[in-house]
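Here is a friendly walk through one protein model. Take a moment with the picture before reading on.

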Amino acid sequence: MTAAHRPIASDAARAQDVFPAGSNGEFNIPPELSIVVDRGEGCRLWDMTGREFVDFSMGWGSVLPGHARREVVEAATRQAAKGSNFAHVNRPALELAEEIKRLSPASRRVRFCASGTEATMYCQRLARAFTGRPLILKFEGAYHGANEIGVTSLFPQRLKDFPAPDPSSAGIAPVVNDQVIVAPYNDLPTTEAIVAAHADRLAGVIVEPLQRCTPPRPGFLAGLRAACDRHGVLLLFDEVVTGFRLAYGGAQELYGVVPDLVAYGKALGGGFPIGAFGGRQEIMDWVREDRLGRDDYVWTASTLGGNPVSTAAALAALAIYRRPETYPHLRELGQYLREGMRRVLEERQHRAQVIGDGPLAQVVFTADPVFDYRSTRRGDGAKGRALMLGLFRRGIFLNPMGTKLYLSLAHDRTDCDRFLDRLGDALGDL
Ligand SMILES: Cc1ncc(COP(=O)(O)O)c(C=O)c1O
């Protein structure tokens with residue numbers, strides 16, 4: 001076949017040919033649904049064939065201001081023309097760090113990195129160094145990024161007795177098994193007992209304050225704070241999802257609990273790559289390079305961390321988030337969507353739980369309440385996936401693996417109504 005007669009492969013087919021499973025990570029879309037994104041605006045996306053989607057993933061929650069939001073685009077392009085990376089403190093990074101210090105009570109000192117994965121990794125390392133203890137406690141089903149502890153016990157298929165970890169990914173260093181213990185989210189008595197039993201070796205407890213899409217039970221986070229204080233263990237909040245989303249001050253503001261270390265990412269950058277971690281000065285001082293070579297020094301470095309384009313975009317995003325209407329809108333819209341989903345599921349006679357808080361929502365097909373990994377896992381996962389694919393087929397862009405839906409400042413009730421309409425249709429296929 002000559003080049004002139006060779007059929008032109010679609011972008012989707014080309015993606016199947018070069019990316020494993022046709023995706024750049026965690027999507028698992030069947031080849032016949034595979035698309036390549038061309039552009040986004042507000043809460044809409046268009047693929048290379050011109051097909052329109054309403055986006056309920058929003059860059060996995062990173063694009064909270066909405067796609068191509070004018071203020072963010074202008075800030076980033078203005079800065080890009082002045083240089084995109086110096087790997088050194090620059091004015092936007094400085095102003096952003098000062099703003100994080102203002103809004104995050106835990107963050108008396110701040111450093112930037114390029115992703116949430118890095119941010120939680122540094123928090124874990126700092127906790128081990130500062131306390132001189134080897135173990136990190138995480139909650140079953142929690143995700144803290146692609147680092148070793150972040151994926152451990154993320155979706156264990158064999159449910160072990162607590163606090164034994166499960167790798168959840170091939171290739172995790174066997175030594176990680178000895179560095180992490182696992183507790184059930186929202187179960188304070190069991191967690192307290194595990195913390196007490198391992199206190200002399202436990203450096204930190206890392207928690208997604210709202211785990212995946214499951215809110216904390218009243219008193220759970222305050223109970224963790226108290227348990228950590230009793231045993232000299234550090235409390236680490238992974239605010240990569242909750243930060244700037246549930247409130248301007250994130251989970252710290254909404255739930256009124258202040259951790260020792262905190263990790264940020266996603267919405268902080270308004271769609272640009274960013275991570276940040278902060279903590280008390282005496283902990284954060286361990287990363288000071290004037291200590292290099294000493295025993296009380298922790299290595300952190302990130303080539304693109306604090307780059308002026310991402311931090312300028314973040315400053316523009318934060319200025320939008322600070323507007324008085326932002327969080328009332330996100331909360332009201334999230335509630336509207338969740339209530340609408342419950343109504344449609346009930347009308348169609350599906351027994352399901354709709355969970356989430358703020359601008360987040362998720363369906364779990366189970367008649368029983370969902371409060372941790374095991375109760376979520378009792379849901380009908382195959383049905384959940386079929387529903388997500390049915391929505392995708394109907395022009396709702398989402399991550400069928402994550403199943404968590406993200407709203408943004410660009411969504412309104414009409415977008416939610418459109419989603420609910422498609423939800424009814426997709427449920428009809430199940
Ligand atoms: C709670 C949480 N922590 C950390 C991460 C990792 O962030 P990133 O993908 O920027 O590395 C994620 C990503 O989804 C997350 O949801």
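Predicted model: local features only at pLDDT ≥ 70, side-chain atom pairs only at ≥ 80, totals over all residues.

Residues are numbered from 1 along each chain as its sequence is written.

**The core.** In soluble globular proteins, nonpolar side chains tend to be buried together. Here, the largest nonpolar core holds 122 residues. Such a core is a set of buried Ala, Val, Leu, Ile, Met, Phe, Trp, Tyr and Cys residues joined through C-beta atoms within 7 Å. Helix α10 (residues 308-321) gives the most to this core, 9 residues. Because domain 1 (3-68 + 325-428) and domain 2 (70-321) both contribute residues, the core lies between them; the domain bounds come from an automatic or database domain assignment.

**The ligand.** Around the ligand are 13 residues, with S115, G116, T117, G145 and V240 the closest. Helix α4 (residues 116-131) supplies the largest share of this shell, 3 residues.

| Class in the shell | Count |
|---|---|
| Nonpolar | 4 residues |
| Polar | 7 residues |

**A loop residue.** R394 sits in the loop between α13 (381-393) and β13 (396-397). R394 and V54 are 340 residues apart in sequence, yet 9.6 Å apart in space, C-alpha to C-alpha.

Note on methods. Helix = DSSP H or I, 4+ residues; strand = E, 2+ residues; numbered from the N terminus. Near = placed C-beta within 6 Å. Nonpolar A, V, L, I, M, F, W, Y, C, P; charged D, E, K, R; others polar. Buried ≥ 20, exposed ≤ 12 C-beta atoms within 10 Å, placed from the backbone.
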